[in-house]
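Here's a quick walk through the fold, one piece at a time. Keep the viewer open as you read.

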Amino acid sequence: MGLHFHRNPDGTTTGRNEANGFTVTHADEEEVKRQLYEDAGWEYTPPPPPVPSGLHRFSLVHDEFRASGFGDERYAGLRARPPEGCVPVDWGCFALECVRPGKTLMDAVAGTVAEVRREHGLVMNSLGVEKPQEWFDADNKNGYAAKTVAHLVLMAADRARLLGYGRKDVVRLLDATGIE
C-alpha cells in the first residue's frame with residue numbers, strides 16, 4: 001500500500017491511497033495526510049508545534065548497512081552527552097531528534113553533524129527522510145524540501161566515502177553543476 005502526496009499549482013495538496021484509489025484534495029496539507037492515514041487504517045500523529053525563529057527541528061540518523069542498533073557501544077558517549085538541543089532515540093538504529101540554532105536548516109544540520117564528528121568521532125549520515133522524491137514545500141528554504149536536500153547530501157557523502165571517493169571528488173561534482 002502506498003500513500004502519495006502532491007502539491008498542486010493552486011496551493012492545495014492532493015493525496016491518494018494507491019491500495020483503494022481514495023483521493024482527497026484540501027488546502028491544508030495536514031488534513032490531507034490525516035484523511036489518508038485514517039483511510040489506510042494507520043494512526044495519525046499531528047506534527048509538533050513550530051519552533052521559534054532561528055531554531056530548526058530535524059532528526060539525524062546514523063544509518064548503516066551493517067546491523068548495529070541503538071545500543072551499540074560506539075554510541076555510548078553520544079547517548080550520554082548528546083549535542084545541546086538533541087535527544088538520542090532508538091529508530092532501530094541510532095538517531096538524534098534535535099532542535100538547534102542556525103541561520104537556515106542546512107546551517108543547523110551542518111553544525112550538528114560537525115559537532116558530533118568532532119566530539120564523538122561519528123558521522124551522522126542521514127536525516128531519516130523517507131521517499132525523498134516527494135517535495136511538499138519546495139518554496140520553503142527551511143521546510144521538508146530542505147530536510148530532503150540535507151538528507152540526500154549526507155547520504156551521498158557517506159556512500160561516496162564507502163566507494164572510495166573523497167571530499168574533492170564530491171566537491172568537483174557539485175562544482176560541475178554550476179550551482180552558486
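## The hairpin

Two strands count as paired here if DSSP finds at least two bridges between them. With that in mind, look at strand 2 (residues 13-17) and strand 3 (residues 23-26) in this predicted model: four bridges join them, and they run antiparallel. Thr-13 stands opposite His-26 in strand 3.

Strand 2 and strand 3 make a hairpin, with five residues between them. In the turn you'll find Gly-21, which has a positive phi of about 85 degrees.

Next up is an open sheet of three strands, in the order 4-6-5 with antiparallel pairing. Strand 4 (55-62) and strand 5 (86-90) are the edges, each pairing on one side only. On average, neighbouring strands are turned by 20 degrees against each other, direction ignored.

Five bridges tie strand 5 to strand 6 (residues 94-101), and Cys-86 stands opposite Cys-98 in strand 6. Helix 3 (residues 105-120) packs on this sheet and touches strand 4, strand 5 and strand 6. The direction of helix 3 makes about 45 degrees with that of strand 4.

## The nonpolar cores

Which residues touch the most other members of the largest nonpolar core? Out of its 20 residues, they are Phe-58, Leu-60, Leu-78, Leu-96, Val-109, Met-124 and Leu-127.

Leu-127 has contacts including Phe-58, Leu-60, Val-109, Ala-150 and Leu-154. Apart from this core lies another one of six residues, among them Leu-3, Val-32, Leu-36 and Ala-40.

How values were computed:
Residues are numbered from 1 along each chain as its sequence is written. This is a predicted model: local features need pLDDT of at least 70, side-chain atom pairs count only at pLDDT 80 or more; totals for chains, interfaces and linings use all residues. Side-chain values use heavy atoms; hydrogens and water are left out. Helices (H or I, at least four residues) and strands (E, at least two) are DSSP runs, numbered from the N terminus. Axes are lines fitted to C-alpha atoms, for helices over the stretch in contact, and angles run from 0 to 180 degrees between N-to-C directions. Contact means heavy atoms within 4.5 Å. A nonpolar core is a set of buried Ala, Val, Leu, Ile, Met, Phe, Trp, Tyr and Cys residues joined through side-chain atoms within 4.5 Å. Buried means under 20% relative accessible area, exposed over 50%, partly exposed in between (1.4 Å probe, protein chains only). Lists of a residue's contacts leave out its neighbours within four places in sequence.
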